[in-house]
Amino acid sequence: MTTTVQVHRVYIKATPERIWEAITKPEWTAKYGYTGLADFDLKVGGKHRTRPTQAFIDAGFTGDLVDGEVLEVDPPRKLVITWKLLMGPEGMATEPYTTLTYDIEATKTAGTRLTVTHDVTGAPLTADMVAGVHEDVNAGPGENAGGGWDWVLSDLKSLLETGEILVPAP
């Protein structure tokens with residue numbers, strides 16, 4: 001089995017506390033990326049899930065979109081969770097939970113560095129999806145980066161810095 005770890009990094013002109021809230025509070029997660037409503041029980045062993053927004057429900061996705069367990073929590077610096085996309089393409093449901101780490105660190109000159117490390121070992125469909133490998137067939141080549149973490153983090157950065165998102169979810 002090949003170990004696959006993806007690392008995504010972005011610098012955001014916002015405090016670590018504000019970024020933490022944007023990752024863990026549904027009133028924020030509903031605004032950027034894929035716009036799900038994240039719920040976290042922020043303690044080791046606590047559960048997390050992402051519920052569908054009305055747009056997802058209207059599209060036929062009525063169950064949780066993502067779920068997992070909190071492995072480590074140190075607000076506003078670090079959050080480690082297991083993560084599984086429940087609404088993905090056929091075959092994704094058989095893949096194991098992956099491990100997702102958010103590291104949030106204030107810098108002296110470049111705002112706050114947010115590093116997302118996603119260990120997708122044994123989950124090749126998840127690896128492709130979160131890497132943004134799949135292009136949006138309704139957009140031109142490279143548009144929306146096919147989704148994935150790079151696109152989600154860019155959208156988060158835009159929202160926190162300007163109050164506006166890049167584009168609606170792919």
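Which elements cover the buried residues of α4? The model is predicted, so local features need pLDDT of at least 70 and side-chain atom pairs count only at pLDDT 80 or more, while totals for chains, interfaces and linings use all residues. Residues are numbered from 1 along each chain as its sequence is written, and side-chain values use heavy atoms, with hydrogens and water left out.

The cover of α4 includes β1, β5 (78-85), β6, β7 and α5. Helices (H or I, at least four residues) and strands (E, at least two) are DSSP runs, numbered from the N terminus. Helix α4 spans residues 124-131. Its buried residues are T126, A127 and V130. They fall within an arc of 105° seen down the helix axis, so they line one face of α4. The arc is that of the directions from the helix axis to the C-beta atoms. An α-helix has 3.6 residues a turn, so residues three or four places apart point the same way. G132 follows α4 and has a positive phi, near 75°.

V130 lies in α4. Its relative accessibility is 5%, so V130 counts as buried. Buried means under 20% relative accessible area, exposed over 50%, and partly exposed in between (1.4 Å probe, protein chains only). Neighbours within four places in sequence aside, V130 is in contact with Q6, H8, W83, H118, V120, G148 and W149. Contact means heavy atoms within 4.5 Å. V130 and H118 are twelve residues apart in sequence, and their C-alpha atoms are 8.6 Å apart.

Strand β7 (residues 112-119) pairs with β1 (residues 5-12) in the antiparallel sense, over eight bridges. Two strands pair if DSSP finds at least two bridges between them. R9 has T115 in β7 as its bridge partner. Strand β6 (residues 98-106) also runs antiparallel to β7, joined by eight bridges. Here Y102 stands opposite V116. β6 and β7 form a hairpin with five residues between them. In the turn, G111 has a positive phi of about 75°.

Y102 also belongs to the largest nonpolar core, which holds 35 residues. Y102 and L114 touch the most other members. Helix α5 (residues 148-162) gives the most to this core, with seven residues. A nonpolar core is a set of buried Ala, Val, Leu, Ile, Met, Phe, Trp, Tyr and Cys residues joined through side-chain atoms within 4.5 Å. Beyond its neighbours within four places in sequence, Y102 is in contact with I23, R77, K78, L79, I81, L114, T115, V116 and W149.
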